[in-house]
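Hi everyone, thanks for coming. Let me put the structure up on the screen, and then we can walk through it together.

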Amino acid sequence: MTGPTISVRALSKSFYDEFRGEVRAVDGIDFACLPGQIFGLLGANGAGKTTTLRMLATILKPTSGEASLLGHDVVADPEAVRRNLGFYSASTALYPRLTARETLEFFARVNRYPGERVTERVDYLVERFGIAEYADARVDKLSSGMKQKVSIARTVAHDPPVLIFDEPTVGLDVLNALEMQDVIRHLRDDGKTILFSTHIMSEAEKLCDHIAIIHRGKILASNTLDGMRRDTGKHYLEDIFVAYVGGRKEIEAAERAALGAQER
Amino acid sequence: MAGGREVLWTLFRCEIRMLLRDKRTIFIGVILPLFLFPAIILVTRAVEERERVSLESATYYYAVTGTQRDLAGTLVRDALTRRAATADTSQPALHIEESQVAEPDSALRTGGIHLVVEGMAPDEWRTVRDEEERARRERAVTSGRGDDSEAAPAADEADDVEVPVLRLHYRDNSQRSGAAMREVRDALRDLRGEQRERLFRERGFPLDPADVAALEANNLATREEEAGALIGILLAPLIVMMMLTGGSIVAADAIAGEKERGTLETLLTTAARRWEVVWAKQLSVVAVGVVVTLINMLNLLVYVMLGVFELPEDFAVSVTPATLVVLLLLYLPLALLVSSAQLLLSGVSKTYKEYQFNFFPVFLLLLIPAFAAVLPGIELRSAVVLVPVANVAVASREVLTGEFHWLALGAAFFVNVMASAYAARLTVGTLSTERLITAAELDRAELLGGPALFPRRVLTWFGVLWALLLVTSLWFGEHVGIRGQVTFNLGVLFFGGALLMMRRYRLDPRSTLALRAPPAAAWLAVLVGAPSGLVTGVGVARLAQLVFPVPEEVVESFGQYLLPDELPLWQIVFFLCVLPGICEEIAFRGVLLHGLRRRFHPVVLCLVVGAIFGFFHVSLFRLIPTAYVGVLLSAVVVLTGSIFPAMLWHALNNATALVPARLGLWEGEQLPEGVLPLGIAGLAVSFWILWRTRRLYPGLRE
Amino acid sequence: MTRPRLVPRDIAILYVRELRAALRERTMVMNSILLPIVLYPFILWVTITGISFVQGLTQGFVSRVVVTGLPPEHAELRDTLDALESVELRDEPADAVEAVEAVRARELDAVLEFLPADVAGSALSGNFRVRVSFDRSEARSRAARERVEAAIERYRDRWLEWEAGGLGLTPEELEQFRVASRNVASEREMGAMLLGTIIPLFLVVMVALGCFVPAVDATAGERERRTWETTLTLAASRASVVTAKYLHVATLGALAGILNAVAVTVALGPIFRPLMAGGSEAFEFRIPVSAVPIMVLGSALLALFFAAAMMILAAFARTFKEGQSMVTPVYWLAIIPIVLGESPDNRLTAGIALVPVANVAMMIRDAIVGRFAWPLIGLTLLVGLGLVAVCLWSARWVLQFEDLLLGSYDGSFWKFLRDRSPVVGRRSRQALGRPAA
């Protein structure tokens with residue numbers, strides 16, 4: 001494959017707000033993820049990360065602009081997009097009354113993984129993510145670390161070429177967060193294209209092949225980490241981020257303005 | 001690649017599997033009721049039986065008083081002896097004894113005895129009766145109930161015959177006293193009948209008087225048909241109720257519960273299509289609803305067969321396989337409709353709790369039309385065929401009594417299928433409505449309050465206003481009279497409510513109430529339009545009467561209520577024309593229209609505001625005419641962008657309706673010939689003017 | 001521990017906080033205030049309006065009747081029928097068989113067939129027999145039958161009067177005596193009877209319903225919102241926290257019950273008006289002042305009981321939904337008084353005073369109709385308080401288990417009882433106590 005796996009052009013999302021009129025949560029962003037890359041979307045709370053990812057996952061409809069995944073347009077062919085996509089976020093929970101194995105089977109089938117190969121796939125996932133011990137226990141009996149593993153496994157249940165992780169390490173302890181980073185790296189090594197969002201600089205520094213800094217719904221910079229270092233003359237990503245955004249005050253002001261509504 | 005059917009099946013299986021693992025819900029929602037309800041019925045019946053036995057086996061006491069005491073005593077004794085001798089086993093005579101209390105009246109009051117028999121001479125009786133009659137009339141006048149001359153006569157025969165009277169004093173707030181009175185009364189009547197027959201016979205009358213003009217009832221309905229009519233009435237409500245309670249077990253969890261747990265978002269990022277998700281869920285709601293209904297029916301049947309429940313005597317049911325198939329075909333779309341309504345509710349609710357609170361109104365909304373078959377003389381071959389749920393109710397009665405038309409049944413089937421499909425489509429819509437699926441997050445409007453929040457809250461506010469209006473008019477309407485009620489409704493509820501909403505949400509009065517100058521021509525349009533609107537409104541009311549027949553007495557009593565004679569003309573003009581013109585317009589065409597203006601297309605907006613306006617006139621038969629006027633008024637505001645012409649129109653409308661009637665120029669609903677076409681023409685002219693000079697309400701939806 | 005377990009000030013502060021939070025939440029206000037005031041009177045109103053609407057419709061129908069074979073000397077009967085506004089005489093179909101078929105097809109409501117009198121009846125010249133054909137499965141047809149039969153009976157009475165004159169019988173001899181009845185119960189007594197039947201039932205149901213949502217919300221709901229642990233880390237003792245919650249739930253329950261009783265009392269007159277119009281009975285709906293203390297006491301007792309019972313069960317649930325299904329069985333207790341009979345002659349007896357819930361309902365009913373049997377009222381209160389004490393004791397016992405308190409316990413209710421109850425589960429506890437091999 002030669003073209004970008006995910007391509008986003010002039011994508012916008014506005015909400016109508018009677019008090020302030022139109023609010024542009026995402027304001028005409030462009031970016032492209034190349035195959036086999038980990039693409040990081042870096043931004044403060046309320047910058048528009050989640051809204052962007054949800055548009056790509058076809059939960060939200062874009063107000064204008066285009067986005068496509070493996071050439072499938074998110075508006076014209078949302079099913080095809082979702083078939084090729086695994087979406088993970090802190091708010092995508094699991095069914096408490098299914099067992100881990102049933103959960104994987106369910107998501108493989110619902111995502112149209114070839115029926116005759118589902119069992120095989122589930123067995124593979126159980127082994128791969130080390131959940132064999134509790135594969136037949138109900139999800140509501142699992143600890144949060146176990147749930148996290150099942151949750152990742154269900155994200156890749158149908159072996160999608162593209163994965164989106166929306167702030168995957170939010171609320172995890174150090175060990176689980178590191179585990180998550182490992183998993184993401186391994187998945188990249190398996191040849192998946194990964195788009196993930198975070199507000200944790202060190203995480204982006206460690207993982208990403210390409211970083212886009214998003215602020216107030218706009219992409220301020222999109223480059224490799226080294227490229228950014230060259231452009232700003234700073235070394236640490238924190239400093240780079242502040243440099244692009246324009247000072248600490250600006251970040252605080254933006255967070256205040258984004259209270260609630262924009263973080264969709 | 002897996003096909004759509006497999007996805008559907010996977011979703012469905014997952015749904016059912018999760019339900020089956022929720023043992024607590026199944027136990028409490030399905031299994032417990034199976035035993036609980038029969039148990040309740042059994043206990044109730046046992047208690048009833050005990051009460052009946054104690055009523056039959058008790059000893060009742062009576063005392064005899066009055067100037068004709070001896071005659072009365074003899075008659076009652078004779079009558080009771082005769083009754084005891086002739087009583088059959090199905091209804092044993094009560095055990096009644098005479099008691100020699102010193103103060104019979106006070107003994108009756110304290111419950112010491114059950115009955116006082118007073119023997120009276122004819123003239124004595126006449127005096128007492130006239131006095132009571134006068135007292136009754138006075139009471140009727142003071143309580144404002146009018147003189148209802150239809151009230152039952154105090155004695156059971158004509159007036160001009162001079163015979164003694166036996167007056168039975170009893171207490172109607174005691175079951176026993178009432179039973180004793182009825183027993184003695186019937187015994188006395190039987191005795192009199194027997195003696196009368198003997199007299200006839202003694203004078204040589206050739207036959208038993210009862211054989212004169214003998215009546216012979218010929219009931220054409222078979223027992224099956226009678227049972228069918230009864231079952232036909234009960235079947236639809238029963239099934240709707242069972243489907244609703246059964247389906248709710250799944251429906252609440254299906255979307256609202258998933259939102260709350262955060263699993264909906266997971267599901268929506270899978271490759272399953274929205275409609276596949278909805279159909280799978282719908283299928284599980286239907287399946288569970290049907291299974292629960294069947295289990296309950298079977299349960300009932302088992303109890304009937306075990307003899308735990310007895311059916312009424314003469315109860316015979318004959319359901320041929322053909323009827324059964326027809327019924328199944330009828331109830332299938334109903335099951336679909338009920339489940340899709342529940343699923344829609346689940347889709348609209350953000351949490352499980354919210355679903356619970358919204359459930360009750362939906363429950364009523366579906367259950368009330370299910371009682372349609374109770375309406376006498378209603379036929380499926382009428383407008384009712386277009387009303388979902390109600391048509392199945394009427395159809396099942398017709399099928400069970402063997403009187404039906406295939407075409408009408410087909411239409412009913414089709415209507416329900418369409419309604420169900422429409423609800424399902426709306427549910428698919430809720431899965432794409434961003435505000436509804438991203439449940440967990442606060443949005444800015446909620447946080448800030450103010451004008452941004454108002455459009456979302458306006459309907460709730462009007463719901464509360466409606467409840468208040470209903471409650472106050474029901475409870476206090478009688479005491480405060482028309483002026484008090486009008487002042488409260490208009491001044492406090494409508495005006496006060498509008499002010500409160502504007503304050504609470506910091507709305508700008510000028511734009512909220514559309515306080516703008518209208519185009520000058522609008523005034524002309526109003527002068528032509530208001531009377532025309534009223535005239536066409538009478539036409540609409542007459543049309544509505546065809547669909548929704550209303551007993552005449554209701555209309556009459558309402559007319560009296562609205563036009564009390566003691567109100568002077570200026571008060572009619574003030575309270576019933578000017579005040580409504582201002583206050584109702586401020587509430588409905590001001591605040592309500594403003595709040596809803598973005599939610600609906602302008603045409604729908606007018607209809608919705610009109611309908612809500614109609615609902616605020618509480619009684620069923622005024623709904624359609626007032627809603628009609630409400631639609632016209634909304635259209636006037638939308639076209640002129642100003643509330644003032646609507647205020648004038650409203651006041652003129654009421655004045656045209658009330659003032660000529662008050663002056664005796666025009667009686668009731670009778671329209672002179674040719675006025676209706678004139679009204680239609682006038683209305684057309686009026687709206688043509690409004691359209692030509694329109695200055696549209698700002699901020700409408702495109 | 002130096003702190004006393006129950007601190008009135010802490011309880012007061014927590015109680016006010018709970019109530020304020022509840023009154024700010026829409027669903028809670030709906031449940032405890034709006035529904036009791038509006039919903040039940042509304043349902044009552046809908047039902048009764050519906051009934052009178054249907055009655056009105058049935059009465060409003062003009063009965064379509066065909067008369068066949070009427071002997072010419074009785075033409076007067078036809079005129080009588082014709083004069084009735086509620087009856088429309090039709091000429092078609094003139095044939096009796098066809099007319100009966102028309103009734104079957106619901107095109108007619110009744111057919112009157114005049115036939116020659118039978119052997120016994122033919123002794124009187126000019127006598128006849130009438131066969132009224134109708135369809136009992138149709139309300140219209142039933143009404144038609146009643147109308148025509150009443151007309152024929154009136155005609156027969158006049159005929160007999162005339163015959164009696166011919167036989168030399170005076171009207172007085174024929175009539176002999178008259179029977180009249182008179183209800184000596186006053187309007188207020190009648191109203192009290194109706195109120196006494198309705199109010200206690202509604203009160204019990206409303207108190208239970210009023211406790212329902214707050215009880216679930218204060219326990220399972222709080223756990224679901226994850227505010228439970230915040231509450232437990234307050235400086236107040238655990239007992240104070242629980243007591244405050246308990247009083248808060250009971251307050252809302254009692255409030256719902258009393259508000260509903262007031263609302264129903266006020267609404268009953270207007271609601272029943274359409275049914276009473278035209279009747280000779282009149283009712284005055286007023287609750288005697290002397291009954292108010294008993295009603296308040298009764299509601300408080302019920303509320304304390306329902307609140308305790310519901311909160312214990314809801315404590316086992318982790319989500320609002322679970323809590324709801326756990327509590328539902330307690331809610332069903334509220335129907336006991338309905339099941340136990342409705343006769344206005346029933347009164348509080350020693351037997352009923354021992355039945356929980358039903359005794360309070362009966363006590364309130366007695367108070368409304370003006371009966372006060374103080375020893376039995378005392379017994380009722382004793383039974384109620386005893387029940388509350390048992391509930392509170394079990395609550396104390398249940399709350400000593402920290403895993404349950406913190407919501408990490410995930411067995412079922414029965415398992416909990418089996419494993420830990422000092423009464424039911426002793427054996428299994430011993431088994432647990434044995435050291436593992």
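I'll talk about a chain contact first, then domains, then some backbone geometry. Keep in mind that this is a predicted model.

Let's begin where chains B and C meet. The contact draws on 85 residues of chain B and 82 of chain C. On the chain C side, helix α2, residues 26-60, gives the largest share, with eleven residues. By type, that side of chain C splits into 45 nonpolar, 19 charged and 18 polar residues.

There is strand pairing between these two chains as well. Strand β5 of chain B (residues 214-219) runs parallel to strand β4 of chain C (residues 128-134), and six bridges join them.

Now, how is chain C divided into domains? The assignment gives domain 1 as 8-52 + 187-412, and domain 2 as 61-175. Their C-alpha centres are 57 Å apart.

On to the backbone. Most residues other than glycine have a negative phi, and most peptide bonds are trans. Here are some departures. The bond from C:Glu92 to C:Pro93 is cis, with omega near -15°, and C:Pro93 belongs to the loop between β2 and α4 of chain C.

Two arginines have positive phi. For C:Arg106, in the loop between α4 and β3 of chain C, phi is near 65°. For A:Arg216, in the loop between β9 and β10 of chain A, phi is near 50°.

Buried or exposed, what is A:Arg216? A:Arg216 counts as buried because it has 22 C-beta neighbours inside 10 Å.

How values were computed
Residues are numbered from 1 along each chain as its sequence is written. Chains are lettered from A and ligands numbered from 1 in the order in which they are written. This is a predicted model: local features need pLDDT of at least 70, side-chain atom pairs count only at pLDDT 80 or more; totals for chains, interfaces and linings use all residues. Two residues are in contact if their C-beta atoms, placed from the backbone, lie within 7 Å. Helices (H or I, at least four residues) and strands (E, at least two) are DSSP runs, numbered from the N terminus. Ala, Val, Leu, Ile, Met, Phe, Trp, Tyr, Cys and Pro count as nonpolar, Asp, Glu, Lys and Arg as charged, and the others, Gly among them, as polar. Two strands pair if DSSP finds at least two bridges between them. Domain bounds come from an automatic or database domain assignment. A residue is buried if 20 or more other C-beta atoms lie within 10 Å of its own, exposed if 12 or fewer, and partly exposed in between; C-beta atoms are placed from the backbone.
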